[in-house]
Amino acid sequence: MTSPRMPALFLGHGSPMNVLEDNEFTRAWQTLGETLPRPKAIVAVSAHWFTRGTAVTAMEHPRTIHDFGNFPQALFDQRYPAPGSPELAKKLQELLKPIDVIADTSEWGFDHGTWGVLIKVYPEADIPVVQLSIDGTKPAEYHYQIGRKLAALRDEGIMIVASGNVVHNLRLMQRDGDGAHYPWATSFNEYVKENLRWKGEDSQHPLVNFSQHEGAALSNPSIEHYLPLLYVLGSWDGVEPISTPTDGIVLSSLSMLSVQVG
């Protein structure tokens, strides 16, 4: 029996507090877990593993990383004990050649960009997960092309779950800013949504060349939270439906847009 083609997800993860909260975003993530076909395994790409070179978690039991500060103890008490998959890590090393993907057997694990969303989507933590790092030395098209290669895994029952925020400017956040959004944040968020279904040349993709948008620099003062989207868009076959399970700007400068391919 062949596995159904798995969807690919980009989840706008927002604040780590979403782990403890029940809101429109966390409920949408829960609904995804309840309604999507169950994957055999998950390849996660998180904004919070931003490296020189590319690595993949290759341990049997990845640790839960609490890579944040100044939050309630209840958040630090959370664990996501999903198994790893050395076999899937090795498969990724082969699939992504000639990229030299380093097998990390001890240093990393699941950072909050990964476990902070998966704890809502698959709370039982019983699906094997490997996390692929983002090489911060490479241009946007490089990450999009990795997504192209990862697409083959979707036909093997493996889900891609990437996590970041397409608008992520912590310096300009306003704690009481949910009702007043910066025009550049709203404009860039709309720009992303309008160009999700681009079918032209990869090198000309508006979301690969996102810096051309006038609001890009303020929306992404650093690009690590934007790049995970490109892994998911790269896995699109040009025909599958694309939807946005969540959307909205919070704290004036943080997009909660999520994208589902397939």
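Trainee: How many cavities of 30 Å³ or more does the structure hold?
Mentor: The structure holds one. Keep in mind that this is a predicted model.

Trainee: How much space lies in the largest cavity?
Mentor: About 40 Å³.

Trainee: Which residues line the largest cavity?
Mentor: His13, Gly14, Ser15, Pro16, Asn18, Val19, Trp29, His112 and Gly116.

Trainee: And how does that lining divide into nonpolar, polar and charged?
Mentor: Three residues are nonpolar and six are polar.

Trainee: How does the lining of the largest pocket divide?
Mentor: Seven nonpolar, eight polar and one charged.

Trainee: Let's switch to strand S1. Where does S1 sit, and how many of its residues are buried?
Mentor: S1 covers residues 8–12. Five of its five residues are buried, so S1 is largely enclosed by the rest of the structure.

Trainee: Which residues are on each side of S1?
Mentor: Ala8, Phe10 and Gly12 are on one side. Leu9 and Leu11 are on the other. Both faces are covered, and all of these residues are buried.

Trainee: What does S1 pair with in the parallel sense?
Mentor: S8. Five bridges join S1 to S8. Alanine 8 stands opposite isoleucine 160 in S8.

Trainee: And in the antiparallel sense?
Mentor: That is S12, residues 259–261. S1 and S12 pair over three bridges. Here phenylalanine 10 stands opposite valine 259.

Trainee: On to charges. How many salt bridges does a search of the whole structure find?
Mentor: Ten. One of them joins arginine 5 to aspartate 155. The closest N and O atoms are 2.9 Å apart.

Trainee: Where in the chain are those two?
Mentor: They are in distant parts, 150 residues apart. Arginine 5 is in the segment before S1. Aspartate 155 is in the loop between helix H5 (140–154) and strand S8 (158–164).

Trainee: What does lysine 91 form a salt bridge with?
Mentor: Glutamate 156, with the closest N and O atoms 3.1 Å apart. This pair also links distant parts of the chain, 65 residues apart. Lysine 91 is in helix H3, residues 86–95. Glutamate 156 is in the loop between H5 and S8.

Trainee: How accessible are these two, lysine 91 and glutamate 156?
Mentor: Lysine 91 is partly exposed at 35% relative accessibility. Glutamate 156 is partly exposed too, at 34%.

Trainee: What about glutamate 94?
Mentor: Glutamate 94 forms a salt bridge with lysine 97, the closest N and O atoms being 3.2 Å apart. Elsewhere, salt bridges that share partners join Arg5, Arg154, Asp155 and Glu240 into one network.

Trainee: New topic: rings. How many aromatic pairs are there?
Mentor: The count comes to eight. Take tyrosine 80 and phenylalanine 110. Their ring centres are 6.4 Å apart and their planes are at 65°, so the pair is edge-to-face.

Trainee: Where are tyrosine 80 and phenylalanine 110 in the chain?
Mentor: They are 30 residues apart, in distant parts of the chain. Tyrosine 80 is in the loop between helix H2 (73–76) and H3. Phenylalanine 110 is in strand S6, residues 109–110.

Trainee: Is tyrosine 80 buried or exposed? And phenylalanine 110?
Mentor: Tyrosine 80 is buried, with a relative accessible area of 2%. Phenylalanine 110 is buried as well, at 0%.

Trainee: What is the geometry of phenylalanine 188 and tyrosine 191?
Mentor: That pair is tilted, because the planes are at 35°. The ring centres are 5.9 Å apart. Both residues are in helix H6, residues 183–194. They are three residues apart, so about one helical turn separates them.

Trainee: Which residues do ring pairs link into a cluster?
Mentor: Phe188, Tyr191, Phe210 and Tyr226. Of these, phenylalanine 188 is buried at 0% relative accessibility, and tyrosine 191 is buried at 12%.

Notes
Residues numbered from 1 in each chain as written. Predicted model: local features only at pLDDT ≥ 70, side-chain atom pairs only at ≥ 80, totals over all residues. Heavy atoms only, no water. Salt bridge = Lys/Arg side-chain N within 4 Å of Asp/Glu carboxyl O. Helix = DSSP H or I, 4+ residues; strand = E, 2+ residues; numbered from the N terminus. Buried < 20%, exposed > 50% of the residue type's maximum accessible area, 1.4 Å probe, protein only. Pairing = 2+ DSSP bridges. 1 Å grid on protein atoms, 1.4 Å probe; cavity = no way out; pocket = protein on both sides within 12 Å on 5 of 7 lines; lining within 4 Å. Points joined across faces, edges and corners; volume = space filled by probe spheres on them. Nonpolar A, V, L, I, M, F, W, Y, C, P; charged D, E, K, R; others polar. Phe/Tyr/Trp six-rings, centres within 6.5 Å; stacked < 30°, edge-to-face > 60°.
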